[in-house]
Structures are given as C-alpha cells and as structure tokens.
Amino acid sequence: MSILCLLIVCAFIVSMNTGYIRLSPLDVARTLFGMGTEKQSLILFEFRLPRIVISVLIGAGLAVSGCILQGLSRNALADPGILGINAGAGLMVMLYISFYPTTSFRSIFLLPVLALIGSGLTAALIYALSYKRNEGISPTRLILTGIGVAAGISSAMIVLTLKLDPQKYQFMATWLAGSIWGSNWKFVLALLPWIIVLLPLVFSKARVMNVLNLGENSATGLGASVERERLLLLAAAVGLAGSSVAVSGGIGFVGLIAPHLARRLVGPKHELLLPASALTGALLVIVADTIGRLILQPSEIPTGIVVAVIGAPYFLYLLTKVKG
C-alpha cells in the first residue's frame, strides 16, 4: 500500500501542474508556500486543489462502496454504478438541481443527504426485487435486477432533462457524463464528514466481512449477527456511493475496478483489501480527471467518460470469467 500512497502523491503533483494555464513545479511549490502571484494562488487554491481533494474523496468512497457490495453479495461484478445505486442518487440530485438553486451554502450540504435518500430507496427496491423466499438473493439475479433498475432510472433522467431550460440541460448532460462539477471547498466540506465517518466504520468491520464471506450458515455458527451486520454494511455502502455521486456526477466502474486491482495487490483479507481499495479508487479518479483535463485543452473530457473507457472493457473481461 505504500506504493499506492506514493503513486497518489505523484498523481497529486502532476494534477496540480496540469491545466489550460500551466504552472511549473517550481511555480506550484512557491505558491504552496505563499510566494506565488495572486493569479497563481487563485488557480491553485480555488480551482485545482479542491478538485484534486474531491477526486481523492469520491474515488475512495466509490471504491470502498464497491468492495462492500462485492463482499456482501459474493459477486465479483457488484458495483454501485452497475447495481443502480448511483443512478438512484443521481435522480434525486437531478430533481433538486432542476427546481432549486445549488449556490447557497445550505443547499450544498443538503445534496449528499438527498443523494443518500435516492440511493437508499434504490438499494431497497433492488434488494426487494432480487429476494426470493427460501432462496435468498442470487448473485446473478442481483446483478440483472440492478442493471434493469439502473436502466429504468437512467431513462427517467433523460426524459427529465428534455424538460429543462438550455442552461440547466447543458449542466445536467455534463453531470450525467461524470464531470466533477462540485470543484470548490464548499463541496469538499459537504463530502468530507461522510467519508470521515463511514470509512473508519467500514474498516472496523473488516473481520466481520471476512466472516460473512464464509457463508451465512458459517457466519452464524461463528456468532456473527448476519442480518444486522449486512444491513449496517449495506447502509454504509449506500452512504458512501450516494454522497460521492452528489458531487461527482455519474462516474461508474470505480467501485468495480478498484477492489479487483486491490485484491490482486494485497489479497482477499478485508483488513488490507478495504484500505487498498480506497487508495486504488483515489488514484484511479485522480489519474482519470487529470487525463480528461489534459487531452482536449482548453476543453475537458468528463472524468466519468475516461473511467468508462478503462472500465467497460474490464467489465466485459470479468463477465467472461465470472460464473453465475
């Protein structure tokens, strides 16, 4: 994991130097220590640093959410985007943005709460549709149900965008593509409490997740309260995904790719897998956001599209490897 931390630091430095207005490493260093010009300070502290910090937070949140879902469902294809949880959060945020302004300080802090409500309702719907008496939840049925619910919600969101005025339509189209739109310190403060509270909670449940992976009967025999722990972890996964989507837009595949890459690095034990997933997700989003800002300057490619270019082929590869 030390290698991941080093890579994140390197990506952090490269990202601070990347943009339409170039800042050399020396300019960045001088500005960080208060010796830069007013223009350099504005670019670094008000535009780039908040966006990079948000990239780290949402990458960690989405990756850990995906790791939880994969562990609980024992399905390698589980991911908050594929299962429709991100879409549910996005629909709620979209409804709010469509009818109310988001510039006020209070409304920014309300967005993660609304996203949590949307993602929670979606998760409950998917769980209910996937559950069968005496059979429980089949991993394949869970994935298929999630894909179907996500498609339905995405269709509803497209219909809603057609009723927006041109300015809001342009914003929502960019948001749906996965643009990190909340790139200022107010959005960092809105997202940070959710990450600070939920990530340590999930990390403290690493041993419980190891036990749950043994199967329901084995976990019950070892004294674990299976249903209570499962609901708590599912709620944490929904909270991490919903709050991240509220400021990142529709970024998918992070929760799918990051846990798989982390598992290859540290193995299946959740004591190491969960923090490694968080670091891998943070690195993936920083790199994707930096690439998106670099390729078509002065325009930029939404981060979600860059991640999708990486994630879609990987998802198809996993689909050929995983048995239902």
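## Where two helices meet: α4 and α7

Contact here means heavy atoms within 4.5 Å. With that in mind, welcome to this predicted model. In helix α4, the residues Gly 90, Val 93, Met 94, Ile 97, Ser 98 and Phe 99 meet Lys 168, Phe 171, Met 172 and Trp 175 of helix α7. Sorted by kind, the residues of this contact are 7 nonpolar, 2 polar and 1 charged.

Two packed helices are described by the angle between their axes and the distance between the axes. Helix α4 covers residues 85-99 and helix α7 covers residues 166-176; their axes come within 11 Å and cross at roughly 160°. Because angles over 145 degrees count as roughly antiparallel, α4 is roughly antiparallel to α7. The crossing of α4 past α7 is right-handed.

## Helix α3 and its partner α13

Next comes helix α3, made of residues 38-73, which meets helix α13, made of residues 270-295. The axes of α3 and α13 come within 7 Å and cross at roughly 135°. The two helices are therefore oblique to each other, and their crossing is right-handed.

On the α3 side, the contact involves Arg 51, Ile 52, Ser 55, Val 56, Ile 58, Gly 59, Ala 60, Ala 63, Val 64, Cys 67 and Gly 71. Facing them in α13 are His 270, Leu 273, Leu 274, Ser 277, Ala 278, Gly 281, Ala 282, Val 285, Ile 286, Asp 289 and Arg 293. The residues of the contact of α3 with α13 divide into 13 nonpolar, 6 polar and 3 charged.

## Helix α3 and its partner α11

Helix α3 also packs with α11, at an angle of about 150° and with the axes 8 Å apart. That angle makes α3 and α11 roughly antiparallel to each other. In this pair, α3 passes α11 in a left-handed crossing.

From α3, the contact is made by Ile 54, Leu 57, Ile 58, Gly 61, Leu 62, Val 64, Ser 65, Ile 68, Leu 69 and Leu 72. From α11 come Arg 230, Leu 233, Leu 234, Ala 237, Leu 240, Ala 241, Ser 244, Val 245, Val 247 and Ser 248. By kind, there are 15 nonpolar, 4 polar and 1 charged among the residues of the contact of α3 with α11.

## A closer look at single residues

Let us start with Phe 47, a residue of helix α3. Phe 47 has 49% relative accessibility, so it counts as partly exposed. Leaving out residues up to four places away in sequence, Phe 47 touches Leu 42 and Ser 183. Phe 47 and Ala 177 are 130 residues apart in sequence, and their C-alpha atoms are 20 Å apart in space.

His 270 has its place in helix α13. With a relative accessible area of 2%, His 270 is buried. Apart from its neighbours within four places in sequence, His 270 is in contact with Cys 67, Gly 71, Ala 206, Met 209, Asn 210, Asn 213 and Pro 275.

Ile 126 lies in helix α5, which is made of residues 105-130. Its relative accessibility is 4%, so Ile 126 counts as buried. Setting aside residues up to four places away in sequence, Ile 126 touches Leu 83, Gly 84, Leu 142, Thr 145, Gly 146 and Val 149. Ile 126 and Ile 13 are 113 residues apart along the chain, and 41 Å separates their C-alpha atoms.

Phe 253 is found in the loop between α11 (226-248) and α12 (254-266). Phe 253 has a positive phi of about 75°, although it is not a glycine.

Key
Residues are numbered from 1 along each chain as its sequence is written. This is a predicted model: local features need pLDDT of at least 70, side-chain atom pairs count only at pLDDT 80 or more; totals for chains, interfaces and linings use all residues. Side-chain values use heavy atoms; hydrogens and water are left out. Axes are lines fitted to C-alpha atoms, for helices over the stretch in contact, and angles run from 0 to 180 degrees between N-to-C directions. Helices (H or I, at least four residues) and strands (E, at least two) are DSSP runs, numbered from the N terminus. Angles under 35 degrees count as roughly parallel, over 145 as roughly antiparallel, 65 to 115 as roughly perpendicular and the rest as oblique. A crossing is left-handed if the near helix is turned anticlockwise from the far one by less than a right angle, and right-handed if clockwise. Ala, Val, Leu, Ile, Met, Phe, Trp, Tyr, Cys and Pro count as nonpolar, Asp, Glu, Lys and Arg as charged, and the others, Gly among them, as polar. Buried means under 20% relative accessible area, exposed over 50%, partly exposed in between (1.4 Å probe, protein chains only).
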